[in-house]
Amino acid sequence: INFEASSALNGPLVHILRNALDHGIEDEETRNSAGKPGEGTVELSAIEKDSRLVVTVKDDGKGLDAEGLKASAVLKGLITDAEAATMSEDEACKLIFRPGFSTAEKVTDVSGRGVGMDAVLTDIGNLGGKVDVESTKGKGTTIRITVPLN
């Protein structure tokens, strides 16, 4: 990996890790009532595949709520009711990459400002890469960054 590209990953990875901790991992009581261990897990891994670096951040938190994401995007005027009604679960999960999108109920030092995941997408795109999201409500979320090695 060239040093410039690896340094450029720092910001996006910090945003993703913060989101996993602030939005994804539930408190101990909520996790226990859902039949999960009290402590959440966030895994960070990286592999080389086909001359590309694949960095994965996976949490075992609450996952993304497609209906909640759509409702939040409609409230913020990012999509219409009609768009929300025809949007697939996968498309709804990708709403997290829209500028101005946030599900945080309050702004904290960590999140809620509506910047972050759209910046991640832009930064990774500038490196010639892509960002994918997979999520299962109640089970967790996986964010995968794929960038060229050079």
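Me: Is Asp-50 buried or exposed?
Reply: Exposed means over 50% relative accessible area. Asp-50 has 67% relative accessibility, so Asp-50 counts as exposed. Keep in mind that this is a predicted model.

Me: Where is Asp-50 found?
Reply: Asp-50 is in the loop between strand S1 (42-49) and strand S2 (52-59). The two strands form a hairpin with 2 residues between them.

Me: Let me step back. How many helices and strands does the chain have?
Reply: The count is 7 helices and 4 strands. Their order along the sequence is α-α-α-β-β-α-α-α-α-β-β.

Me: Which overall values describe the chain, and how much of it is buried?
Reply: Buried means under 20% relative accessible area. Of the 150 residues in the chain, 37% are buried. The accessible surface comes to about 8800 Å². Carbon and sulfur atoms account for 50% of that surface. Contacts can be sorted by separation in sequence. Among contacts between residues at least 6 apart, 57% join residues at least 24 apart.

Me: Now the strands. How do S1 and S2 run?
Reply: Look at direction, then count bridges. S1 and S2 run antiparallel, joined by 8 bridges. As a landmark, find Ile-47, which stands opposite Val-54 in S2.

Me: In what sense do S2 and S4 pair?
Reply: S2 and S4 pair in the antiparallel sense, over 8 bridges. Here Lys-58 stands opposite Thr-142 in S4.

Me: Why is S2 described as largely enclosed?
Reply: In a regular strand the side chains alternate between the two faces of the sheet. For S2, 6 of the 8 residues are buried, so S2 is largely enclosed by the rest of the structure.

Me: Where is Thr-141, and what does its side chain make a polar contact with?
Reply: Thr-141 lies in strand S4 (residues 140-148). Its relative accessibility is 9%, so Thr-141 counts as buried. The side chain of Thr-141 makes a polar contact with the side chain of Ser-135, at 2.9 Å. Set aside neighbours within four places in sequence, and Thr-141 is in contact with residues including Val-57, Lys-58, Gly-63, Leu-64 and Val-133.

Me: On to helices. Which residues of H2 are buried?
Reply: An α-helix has 3.6 residues a turn, so residues three or four places apart point the same way. In H2 the buried residues are Pro-12, Leu-13, Ile-16, Ala-20 and Gly-24. They cover an arc of only 100° around the axis, which puts them on the same side of H2.

Me: How far does H2 reach?
Reply: Compare the span with the expected one. H2 (residues 10-24) has 15 residues and reaches 20 Å from its first C-alpha to its last. That is close to the 21 Å expected at 1.5 Å a residue.

Me: Which residues of H4 are buried?
Reply: In helix H4 (residues 66-75) they are Ala-66, Leu-69, Lys-70, Ser-72 and Ala-73. Their arc is only 165° around the axis, which puts them on the same side of H4. They pack against helix H5 (81-86) and helix H6 (89-93). The face turned away from the buried side carries the exposed residues Glu-67 and Leu-75.

Me: What caps the N-terminal end of H4?
Reply: Look for a side-chain oxygen and a backbone nitrogen. Asp-65 is the cap, with a side-chain oxygen 3.2 Å from the backbone nitrogen of Glu-67. Just after H4, Gly-77 takes a positive phi of about 75°.

Note on methods:
Residues numbered from 1 in each chain as written. Predicted model: local features only at pLDDT ≥ 70, side-chain atom pairs only at ≥ 80, totals over all residues. Heavy atoms only, no water. Expected span 1.5 Å × (residues − 1). Buried < 20%, exposed > 50% of the residue type's maximum accessible area, 1.4 Å probe, protein only. Arc of directions from axis to C-beta. Polar contact = N/O pair within 3.5 Å; in protein donor to acceptor, adjacent residues only side chain to side chain. Contact = heavy atoms within 4.5 Å. Areas by Shrake-Rupley, 256 points an atom, 1.4 Å probe, with all protein chains shown as cover. Pairing = 2+ DSSP bridges.
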